[in-house]
Amino acid sequence: MDNIELVIFDCDGVLVDTEPVTDVVIAENLTTHGLPIAPDEVHRLFAGGTMAGVRDEAIERGAKLPENWLDQIYNQIFTALRKGVPTYDGLFDLLDALDAKGVKRAIASNGPMKKMAISLTPSGLWDRFAGRIYSGHDHGPKPAPDMLLKIMADAGVGPNETIMIDDMPAGFQAAKATGIRCLAFLADGDQSRANGSGATPVRSMPEVHKALGLPEGNTQSRA
């Protein structure tokens, strides 16, 4: 992909492996509010969406949530994330390779900026992407294309020179709606999420390197 000038990364499930932590927190919280649910079911139902969407669906399924539930759940998630979350093996080598080629990069997440600051700061990713971090809370959540269009406009790059790396259907759909190519990052091996999306499945950062035509280098993660 020699013509790539911009790579847009999702945050959770692509840069940092936060989803196992958040799935447990959400499952425990909803169970205390009258909706017994396991972490794997939380992941199946809600991964890639917004917390407001989790609230609305949980209420539909019988949860009795307080008016301040969003504040409550975010506080619980932030507390858990502050304990540290891992990055994916090979990520920093990928970023170094993109920098060496002068490829621009940005983050497009449905999560709030505060959550990204907490999850990305310990590894140095918050500083590394500074000024190029976008939240669906500010620019419209995926699968709407608005956030990706904003990122491309700010970078001065068109759809033909952009690629998205996401792990969830909302991201695949946003990329498709925006007319940009997409890599479906499926570290858990569940390729069914990408079926019919038009996104190219990859299961590791070395596979991302290969798909982008970049050298693989080392594959070390950072906590």
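Helices H3 and H4 are oblique to each other, a label for angles that are neither under 35 degrees (roughly parallel), nor over 145 (roughly antiparallel), nor from 65 to 115 (roughly perpendicular). The structure is a predicted model, in which local features need pLDDT of at least 70, side-chain atom pairs count only at pLDDT 80 or more, and totals for chains, interfaces and linings use all residues. Residues are numbered from 1 along each chain as its sequence is written, and side-chain values use heavy atoms, with hydrogens and water left out.

To return to the helix pair, H3 covers residues 51–60 and H4 residues 69–81, and the two pack at an angle of about 120° with their axes 10 Å apart. Axes here are lines fitted to C-alpha atoms, for helices over the stretch in contact, and angles run from 0 to 180 degrees between N-to-C directions. Helices (H or I, at least four residues) and strands (E, at least two) are DSSP runs, numbered from the N terminus. The crossing of H3 past H4 is right-handed, that is, the near helix is turned clockwise from the far one by less than a right angle. On the H3 side, the contact (heavy atoms within 4.5 Å) involves Met-51, Ala-52, Val-54 and Arg-55, and on the H4 side Trp-69, Leu-70, Ile-73, Tyr-74 and Ile-77. Of these residues, eight are nonpolar, none is polar and one is charged; Ala, Val, Leu, Ile, Met, Phe, Trp, Tyr, Cys and Pro count as nonpolar, Asp, Glu, Lys and Arg as charged, and the others, Gly among them, as polar.

We turn next to the sheet. Six strands make up an open sheet with parallel pairing, in the order S3-S2-S1-S4-S5-S6; two strands pair if DSSP finds at least two bridges between them. S3 (133–135) and S6 (200–202) are the edge strands, each pairing on one side only. On average, neighbouring strands are turned by 25° against each other, direction ignored.

Strand S1 (residues 6–9) has both faces covered, with Leu-6 and Ile-8 buried on one side and Val-7 and Phe-9 buried on the other. Buried means under 20% relative accessible area, exposed over 50%, and partly exposed in between (1.4 Å probe, protein chains only). S1 runs parallel to S2 (residues 104–109), joined by four bridges, and Leu-6 has Lys-104 as its bridge partner in S2. Four bridges also join S1 to S4, again in parallel, and here Val-7 stands opposite Ile-163. S4 (residues 162–166) in turn pairs with S5 (residues 181–185) in the parallel sense over four bridges, where Met-164 is partnered by Cys-182. Helix H11 (residues 205–212) lies across S4, S5 and S6 and runs at about 160° to S5.

Within strand S2 sits Ala-106, which is buried with a relative accessible area of 2%. Leaving aside residues up to four places away in sequence, Ala-106 touches Leu-6, Val-7, Ile-8, Phe-9, Phe-129, Arg-132, Tyr-134 and Ile-151.

Helix H6 (residues 113–120) has Lys-115, Met-116, Ile-118, Ser-119 and Leu-120 as its buried residues. Their cover includes helix H1 (19–32), H4, S2, helix H7 (125–128) and S3. Ser-119 is also among the residues touched by Thr-18, together with Asp-12, Leu-81 and Val-85, not counting residues up to four places away in sequence. Thr-18 lies in the loop between S1 and H1 and is buried, with a relative accessible area of 0%.
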